[in-house]
Amino acid sequence: MEELRTIPIEYYLYLSTVLFCIGVLGVLMRRNAIVVLMCVELMLNAVNLLLAAFSTYLSDAQGQIMVFFIMVVAAAEAAVGLGILVMIYRNTKSTDISLLDKLRN
Amino acid sequence: MTLYIFLTLAIVSVITALLMVFSRNPVHSVLFLILTFFAIAGQYVLLNAQFLAVVHIIVYAGAIMVLFLFVLMMLNLNSETEPQKSTMWKIMAAIAAGSLLLTLTGALRGSVQLATPVQSNPRVGLVENLGKVLFTDFVVPFEIAGILFLAAMVGAVLVGKKDLKL
């Protein structure tokens, strides 16, 4: 534990920021809806890592409980999101998100 | 020593995340994302949050990614059916994400001055301590999470039905 303090908290900040931005890049760059959902999971994980890091550095368990609840919400989101995606695939025969612009006009 | 482990895990997680975004085959994307999750679980172990590390592997690598992989295999998606955005759009996405990264790192630089904590408790991330906090201070959110799961389960089943008649 004392050894842990050799890693500055800034390193965790930068690592989480980089992972979050890679997630944003994936959401903007990919057209497959399943990969977009995966990139959202990556962004959630970046935030989770930062919460856990601050929780350990401040010796406060609330941050880790928050990570636990984020995992709960992510699991529910993945289940419902993939259900909706399978339904979309059944109707359009594709998971391309650029086909889903019916609300535009 | 700890610093080297941290740096190795950080580099592995960033590289696999980038490979996840850039690989054309969505199945490869899923596998690279699982590697990223294992690296993040290693970070949790390094942070002395063993409970989170185990739950992370079970929930993410074990349940969520298997669900993704299952859907990908069921829909039979591969690199031939993978829709691609135009190069122009990809460059714009890279510029947008890069500006976000620059803005965030610029804002974060030197913003956190965290001295040694007031009371240092190395047992904070263990199951015993977390369970106590979860079932005393966070009992109501825990129950609400249970209701959320029930709603998600019913919703997923209803959405997945073939011809829904209400």
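D101(A) is partly exposed, with a relative accessible area of 34%, where partly exposed lies between buried, under 20%, and exposed, over 50% (1.4 Å probe, protein chains only). The structure is a predicted model, in which local features need pLDDT of at least 70 and side-chain atom pairs count only at pLDDT 80 or more, whereas totals for chains, interfaces and linings use all residues. Residues are numbered from 1 along each chain as its sequence is written, chains are lettered from A and ligands numbered from 1 in the order in which they are written, and side-chain values use heavy atoms, with hydrogens and water left out.

Over all chains the structure holds 2 salt bridges. In one of them, the side chains of R31(A) and D96(A) meet at 2.3 Å, N to O. This pair joins distant parts of the chain, 65 residues apart: R31(A) lies in the loop between α1 and α2 of chain A, and D96(A) in the segment after α3. Both R31(A) and D96(A) are buried.

Chain A contains 3 helices and 0 strands (DSSP runs numbered from the N terminus: helices H or I, at least four residues; strands E, at least two). The radius of gyration of chain A is 18 Å, while a compact globule of 105 residues would have a value near 13 Å; the radius is taken over C-alpha atoms, and the globule rule is 2.2 Å times the number of residues to the power 0.38. The C-alpha trace spans about 55 × 25 × 25 Å along its principal axes. Of the 105 residues of chain A, 58% count as buried.

The contact between the chains (heavy atoms within 4.5 Å) takes 72 residues from chain A and 82 residues from chain B. Across this interface 0 salt bridges are found. The area buried between chain A and chain B is about 7,200 Å², with carbon and sulfur atoms giving 79%; buried area is the accessible area (1.4 Å probe) that two parts lose on being put together, summed over both. On the side of chain A that touches chain B, α1 (9-29), α2 (33-57) and α3 (62-92) each give two or more residues. The largest share, 22 residues, comes from α3(A).

Key
Salt bridge = Lys/Arg side-chain N within 4 Å of Asp/Glu carboxyl O.
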